[in-house]
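User: I have a chain to go through. Could you take me through its buried helix, its charged pairs and its record annotations?

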Amino acid sequence: MSAWKHRVDGEESPYTPLGPFKLRLPFYHYRFELPDYLQGLLMCAVDLAAIPLMMQLLGMPFEAALAIVILNGLLYLMHHLLGDPVIPGWITPAIPLLMAYVSTFPEGVDRVHALIAFQMMLGALALGLGATGMASKVVRLIPSAIKAGVIMGAGLAAIVVVFDEGGRFEQYPFTIAIAVGVAFYLIFSRHFNQLKAKGGLWGAIGKLGIFPIIVLAIVVAPLFGEAPWPNVEWGFSQPDFALMFSEYTVFGVGLPPLTMFLTALPTVIAAYIVLFGDVLQSKALLEEADEKRQDEKIDYNPNRAHMIFGGRNFGMSIFGPDVVMCGPLWAAMHVVTVERYKQGKAAMNSIFGGSGSFRWGTNTGLLLLPIVSLVQPILGIALALTLLIQGYVSVRIGIMEARSQRDLGIAGIIAAMLVIKGATWAFAVGILLCALIYGKRFFSGEVDKTFVKDWDEALLPETDPEPVVALRK
């Protein structure tokens, strides 16, 4: 008998206690949601966009990179299965930072070692902070100017990757220009937001996240001669796990030397600052959903989330180091799922049903050759679109982390240093500037009310803020 059918209104969905985790299995603990599963089946195209990154950075064959994507996809399931009701994804804004760092090592074993050391340290850091409950305290100690600079720099680095010499824009100028224009209209435009609110066709398009843009790229790229028409094949995908293990993991190349763990530390800290923003966003979205749906109590625990995505990163560093990393949230798709959840119990019985069914769908799609072969010609374009839109969001969020005009000035220099010289220089410059400008107020900085967010609530004007739907995987 299914436990989910007997959930009492106002209580959590059924689960089996498992230490700090709460085990929930499909069909038994939560109702399987077909709409979310079908959407996941198609949206696996975004997961596949990680493949050209690994091919470019590590010289990895397509089949070996596909093996890593599939392994990462399986670990996505850990979140909802262990009690974290989100749709997890990449740490998208930190991808350019990691690529820039790893690229400083020669291609081959050294570069693989650099990636392994970075992801192992990131995983260990998140696991440690989650297990001790120290996550939120650590981030509060980082000055606002440094947080703003790191997040802004990550966004700028994402844009530079696309438009730099030899970047994706030179390969697909027309497709990227058209697709990005449509994407910005669908995601950030006030006009389209008003159309979407009316429902109907526009509402349906708005709920599909980045998928309509990928479909557009599949058609536009061949029309401009920037990519071939897809050669759809039937059957199942053929990942090469043997090659992945033998040449791109510790089982084939051994553990990295200690020096690589030390040199990776600044980039690890920068990536952690970026991903912690996703944790805060997850909490805010789920609190809003919990308030709307009184029939189900949602328990979101940031420390538990840290242990899960920390474990994913640590595990991937051993069994399949991944350039896109293992992040706590795919914001675009999580927002879509939460909006459907808000429609009531009939639409989605439990938030775990929506998030879980979606990730079961993406895992199914990765195994189906027709879907993989359909999107394979435009994976580089899909990646460029994600990076550009994420750049827009990260710069905006980064600026809003600042609390004063002095913070903005410091953040601008940190961001530039991050793009040009890397995380080590950026942190060194940021610490020096905060010390020189703020002195004893190094950690607290100042609040000069430059930003509306720092005004007293009674003085706030009525606004219609732009929706922030990050395409962060």
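Predicted model: local features only at pLDDT ≥ 70, side-chain atom pairs only at ≥ 80, totals over all residues.

User: Which residues of α4 are buried?

Analyst: They are I95, P96, L97, L98, M99, Y101 and V102. Buried means under 20% relative accessible area, exposed means over 50%, and partly exposed lies in between (1.4 Å probe, protein chains only). Helices (H or I, at least four residues) and strands (E, at least two) are DSSP runs, numbered from the N terminus.

User: Why is α4 described as largely enclosed?

Analyst: Seven of the eight residues of this helix, which spans 95-102, are buried, so the rest of the structure largely encloses α4.

User: And what covers those buried residues of α4?

Analyst: The covering elements include α2 (50-58), α5 (109-132), α7 (144-163), α15 (258-292), α20 (379-401) and α21 (405-420). Contact here means heavy atoms within 4.5 Å.

User: Switching to charges: how many salt bridges are there?

Analyst: The count is 13 salt bridges, each defined as a side-chain nitrogen of Lys or Arg within 4 Å of a carboxyl oxygen of Asp or Glu.

User: What does K22 pair with?

Analyst: K22 forms a salt bridge with D299, and their closest N and O atoms are 2.8 Å apart. K22 lies in strand β2 (residues 21-23) and D299 in the loop between α15 and α16 (302-319), so the pair ties together parts that are 277 residues apart in sequence.

User: Which residue does R340 meet in a salt bridge?

Analyst: The partner of R340 is D36, with an N to O separation of 2.3 Å. This pair links distant parts of the chain, R340 being in helix α17 (residues 331-341) and D36 in helix α1 (residues 34-48), 304 residues apart. Both partners are buried: R340 has a relative accessible area of 16%, and D36 has 3%.

User: Which residues do shared partners join into one network?

Analyst: Salt bridges with shared partners join E12, K22, R24, D299 and R304 into one network.

User: What about E33 and R31?

Analyst: Their side chains form a salt bridge at 3.1 Å, N to O. E33 is buried, at a relative accessible area of 3%, while R31 is partly exposed at 22%.

User: Now the backbone. What is the phi of M325, and where is this residue?

Analyst: Phi of M325 is near 65°, a positive value in a residue other than glycine. M325 sits in the loop between α16 and α17 and is buried, with 0% relative accessibility.

User: And what is the phi of K449?

Analyst: K449 is not a glycine, yet has a positive phi of about 60°. K449 is in the segment after α22 (423-438) and is partly exposed, at 44% relative accessibility.

User: Last topic: which residues does UniProt list under "transmembrane region"?

Analyst: The unreviewed UniProt entry lists residues 62-82, 112-132, 144-163, 169-188, 200-224, 248-275, 366-389 and 409-439. UniProt positions are given in the numbering used here, feature names are shortened, and annotations may be inferred rather than shown by experiment.

User: How much helix is there in 366-389 and in 409-439?

Analyst: Residues 366-389 are 83% helix and 0% strand, with end C-alpha atoms 24 Å apart. Residues 409-439 are 90% helix and 0% strand, with end C-alpha atoms 16 Å apart.

Terms used
Residues numbered from 1 in each chain as written. Heavy atoms only, no water.
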